[in-house]
Amino acid sequence: MHTHLSAQAKKAVSGKLENMKRFKYKIALPAPTLYGQFDNLDDIDYVLDGLLKIGFDDIYEVSKAAELVSAYTRMYLKTEGIKKPLISSACPVVVRLIELRFPLLNENILHMLPPMEIAARLAKDRALKEHPELNREEIGVCFISPCPAKVSYVKNGFADYKSQVDEVVSIKDIYFLLINEMSQDSDIKTLCESGIIGIGWASSGGEATAIFNENYLAADGIENVIHVLEQVENGNIPRLS
């Protein structure tokens, strides 16, 4: 059984795209939710091409990293003796909430870095391999996200872990820049490297669906998340597996 709990927040205090100018090599990490912001979009490559046109040197899709997380989760669920229900660690708000209010559920958390972090690490490793003239400090990664919790996570880290993401820019701050550069009449490269499984993480329940397991519960909104965690802690959650 896989329990995916995500919290929705209302206001983001994100960074600015100009802050990326301090890096010699700039990599965009688009969240899969970015693609859903454009009406009648029939090819994600138009968005990715737009990111290159507004100043990024490379792109590493967070949805591609999400597929790696999904694959690992599928294997982990087959491990004997794991504490269930298994709670996703993708949302830093939920992880922090459990730490502060539901410490007994710490053993239920899937302790794995979120797709954003895995994407950042893999993006930097790829850049260093393809451009040996660069050093790691010259490479900057920018996560494009609608979620304010990710901003706090990147700025403050979590426990002893320091985020590999250098800047978080909100989708609303980059949207019109992209619109101005996106043209469905131009020839573009095939840039998308992720499939429907990773892109599906953008929807509620998408993460759980990606592990091919029908026994899951997805909760949106912090009030609903708290209610579900209370049920899990009290043993009142319906058995899903």
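Contact here means heavy atoms within 4.5 Å, and the legends that follow describe close-up views of a predicted model.

**View 1. Helix 1 and the elements that cover it.** Helix 1, which spans residues 45-53, is mostly covered, with 7 of its 9 residues buried. The buried residues of helix 1 are Asp45, Tyr46, Val47, Leu48, Asp49, Gly50 and Leu51. What covers these buried residues includes strand 2 and strand 3, together with strand 5 (139-145) and helix 6 (171-181). After helix 1 comes glycine 55, which has a positive phi, near 125 degrees.

**View 2. The open sheet with strand order 3-2-5-6.** Four strands form this open sheet, and their pairing is parallel. Strand 3 (58-59) and strand 6 (167-170) lie at the edges and have a single partner strand each, so that one side of each is left without a neighbour in the sheet. Strands of a sheet pair through backbone hydrogen bonds, in either a parallel or an antiparallel manner. Strand 2 (residues 25-30) runs parallel to strand 3, and the two are joined by 2 bridges. Within this pairing, alanine 28 stands opposite isoleucine 59 of strand 3.

**View 3. The surroundings of lysine 24.** Lysine 24 is placed in the loop between strand 1 (2-5) and strand 2, and with a relative accessibility of 55% this lysine counts as exposed. Leaving aside residues up to four places away in sequence, lysine 24 touches Asp57, Leu134 and Glu138. Lysine 24 and leucine 134 are 110 residues apart in sequence, while their C-alpha atoms are 8.4 Å apart in space.

**View 4. The aromatic pairs.** The structure holds 2 aromatic pairs. Tyrosine 72 and tyrosine 76 form a stacked pair, with 6.0 Å from centre to centre and 20 degrees between the planes. These tyrosines are 4 residues apart in helix 2 (residues 62-76), and therefore about one helical turn separates tyrosine 72 from tyrosine 76. Tyrosine 72 is partly exposed, at a relative accessible area of 33%, and tyrosine 76 is likewise partly exposed, at 24%. The other pair joins tyrosine 175 and phenylalanine 176, whose ring centres are 5.1 Å apart and whose planes stand at 85 degrees, so this pair is edge-to-face. Tyrosine 175 is partly exposed, with a relative accessible area of 22%, whereas phenylalanine 176 is exposed, with a relative accessible area of 60%.

**View 5. The crossing of helix 3 and helix 9.** Two packed helices are described by the angle between their axes and by the distance between the axes. The axes of helix 3 (residues 92-101) and helix 9 (residues 222-234) come within 11 Å and cross at roughly 45 degrees, and the two helices are therefore oblique to each other. The crossing in which helix 3 passes helix 9 is right-handed. On the helix 3 side, Val93, Val94, Leu97, Ile98 and Arg101 take part in the contact, and they meet Ile222, Val225, Ile226, Leu229, Glu230 and Glu233 of helix 9.

**View 6. Alanine 219 in strand 7.** Alanine 219 has its place in strand 7, which covers residues 216-219. Its relative accessible area is 5%, so alanine 219 is buried. A distance of 10.0 Å separates the C-alpha atoms of alanine 219 and leucine 229, which are 10 residues apart along the chain.

How values were computed: Residues are numbered from 1 along each chain as its sequence is written. This is a predicted model: local features need pLDDT of at least 70, side-chain atom pairs count only at pLDDT 80 or more; totals for chains, interfaces and linings use all residues. Side-chain values use heavy atoms; hydrogens and water are left out. Two strands pair if DSSP finds at least two bridges between them. Buried means under 20% relative accessible area, exposed over 50%, partly exposed in between (1.4 Å probe, protein chains only). Rings of Phe, Tyr and Trp (its six-membered ring) pair if their centres lie within 6.5 Å; planes under 30 degrees apart count as stacked, over 60 as edge-to-face and the rest as tilted. Axes are lines fitted to C-alpha atoms, for helices over the stretch in contact, and angles run from 0 to 180 degrees between N-to-C directions. Angles under 35 degrees count as roughly parallel, over 145 as roughly antiparallel, 65 to 115 as roughly perpendicular and the rest as oblique. A crossing is left-handed if the near helix is turned anticlockwise from the far one by less than a right angle, and right-handed if clockwise.
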